[in-house]
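Good morning, and thank you for coming. I would like to walk you through one structure, sheet by sheet and then helix by helix.

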Amino acid sequence: MEYQSAFPSPSQPPPSPPLKTYKLTASSVSYTKLTTTTTSITNYFLFKPCTSKPPIYILRDVSFTANPSQILAIVGPSGAGKSTLLDILAARTSPTNGTLLLNSTPINPSSFRKLSAYVPQHDACLPLLTVAETFAFAARLLVPETSEIDTIVSSLLSELRLTHLANTKLAHGLSGGERRRVSIGLSLLHDPAVLLLDEPTSGLDSTSAFNVMQILKSIAAARHRTVVLSIHQPSFKILSTIDRVLLLSKGTVVHHGTLCSLQKFLHSSGFTVPPQLNALEYAMEILNRLHESKPITPPPLLPSPEDSTTPNNNEASDIRYRSSRLHEICSLFNRFWKIIYRTRQLLLTNTLEALIVGLVLGTIYIKIGYDMEAIEKRFGLFAFTLTFLLSSTTETLPVFLDERPILLKETSSGVYRLSSYLIANTLVFLPYLLVIAIIYSTSVYFLVGLCASWQAFAFFVLVIWIVVLMANSFVLFLSSLAPNYIAGTSLVTVLLGAFFLFSGYFISKDSLPKYWLFMHFFSMYKYALDALLINEYSCLVSRCFLWYNETKTCMLTGGDVLEKKGLHEMQRWTNIYMLLGFFVFYRVLCLLVLIRRVSRSKK
């Protein structure tokens, strides 16, 4: 498919029909749910269920054909199986029985997802981007080699009647119908052969719903695309934009064909359509009686010139990502920066937290000194610093959770690779969290009076930076794993508490039971705390912290403190490498969890 043909300029004549069109056919598609019952809770836990109910049919022997340049509307009351059928057509759910054909060739789900586009009823978009930026980002990844991104975006805005809202953020200023058109526009940037929409008019007023359907009608006709949508009960105006209907009742087909053929079907079944209703409205009213009637199937269509080119799965399977990995990373990096910059509340919170907490700690431990009490104070300062830094990163948890459905949608549809997302995310947070680390370190280090060496200060900043990066990676992993914000917050709290407990601050490694010893080495706090202690006391190796009054003999030096903690200056970089290992480890875990989620969303 040539992408440029999908966005003609207003001054050009209408485009000629594309070389390839796609006819979608479903043959005897069924979908069932298996249910089992148990007699008691005890039986459930101790024994396998021994009784089962007959399978529940959500769909039963559904057959139809969706043709190019036409809109097929799946119509029916709630519970008729519309959304389930659309999920099956979008290759999001596998049917229990039956086959799906694309131009008479069995569909390969992975390939079909890249040839088609699915617009869910409640689509997710990044609220801090404008309409034009949302389209431009997708266009850069889907059309990476063209230099006419602005022209493509302008044409799409004009086609969707969104030009006046180009610079409006999605978070505010858009009506329900306008948001729905943005979702449709993002799908059109894929230049899909088949466009699937789940109730695109749901929740819209009559005017907005009709505008959305008019746009879909023009897309189907102008681009010769196959459009399939579900709709609850279309109005008379909306019916004028629909070419064919598939009327469902309790998972079975009552009628498949045009509105005229539905009227003939009603007459043949002994029903007369009242003058104040159209045929579909009347059919919906008497649906229970029609359900017992034999459904009508339209005669097969003669092959049209548009169907002369029949793609096969080998051709479809050759579809790959349209952008190079480097291009994906650069585009995602740019989008991340815009989102972070516009998340003023998060920016302000992180900056003020680092500054204020640093100043408060600095004034509490000001001029910490060099005595026995100073040893405990340094230990407490470092422990609280790590607790604050690791726990404060939970603020980014809702940001990651909000982005996750968008990430899964974009990666499963082949816009970019998951690995590109994580690399771009890392590259954005590296300088951002470095600034936070510098602000905190500067505000606390010199007030407290830690080791007066620029090398020690630089290493302190390095440790703080790696700690916040590791915490960011940890939260990113949990956000990929947790089902929602409450579960994510609980996981963060419990795991950070466990890591702190086994860090060696409350109980030493030697005092831990052997069966808990592994947690000491798995604790992120341990390596960060050791790195800060080594950095501080390596600078104070010969500094005396305890004098014997009678002989003025030094009883305890900085080197002795390290020795009592089981630390050595040679371990300085070992701890840094361990912290970096945790940073990479949680990023890799996040990638594996997201890969699993994407693969599950494709089944």
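Two strands count as paired if DSSP finds at least two bridges between them. Helices (H or I, at least four residues) and strands (E, at least two) are DSSP runs, numbered from the N terminus. Across this pair, L101 stands opposite P106 in β7. Helix α2 (residues 82-89) packs on the sheet and touches β1 (24-33), β4 and β6; contact means heavy atoms within 4.5 Å. The direction of α2 makes about 60 degrees with that of β4. Axes here are lines fitted to C-alpha atoms, for helices over the stretch in contact, and angles run from 0 to 180 degrees between N-to-C directions.

Residues are numbered from 1 along each chain as its sequence is written, and side-chain values use heavy atoms, with hydrogens and water left out.

How confident is the predictor? pLDDT is its confidence in each residue, from 0 to 100. The chain has a mean pLDDT of 81, and 87% of its residues reach 70 or more. Over residues 1-19, however, the pLDDT is below 50, although this stretch has 30 contacts in the model beyond near neighbours in sequence. Residues 38-47 also stay under 50, with four contacts beyond four places in sequence. Where pLDDT is low, the predicted coordinates should not be read in detail.

Let us return to the sheet. It is open, with four strands in the order β4-β1-β6-β7 and antiparallel pairing. β4 (56-66) and β7 (105-106) stand at the edges with a single partner strand each, so one side of each has no neighbour in the sheet.

Which way do the strands beside β10 run? β10 pairs in the parallel sense with β9, over five bridges, and strand β5 (residues 71-75) pairs with β10 in the parallel sense over five bridges. A73 stands opposite L229 in β10. Six of the six residues of β10 (residues 226-231) are buried, so the strand is largely enclosed by the rest of the structure. Buried means under 20% relative accessible area, exposed over 50%, and partly exposed in between (1.4 Å probe, protein chains only). T226, V228 and S230 point one way from β10, and V227, L229 and I231 the other way.

In their hairpin, with two residues between the strands, K250 takes a positive phi near 55 degrees.

Finally, the helices. The unreviewed UniProt entry lists "transmembrane region" for several spans, among them 421-448 and 457-479; such annotations may be inferred rather than shown by experiment. Residues 421-448 are 100% helix in the model, with end C-alpha atoms 40 Å apart. In helix α18 (residues 454-481), 22 of the 28 residues are buried, so the helix is largely enclosed by the rest of the structure.

Methods:
Predicted model: local features only at pLDDT ≥ 70, side-chain atom pairs only at ≥ 80, totals over all residues. pLDDT = per-residue confidence, 0-100.
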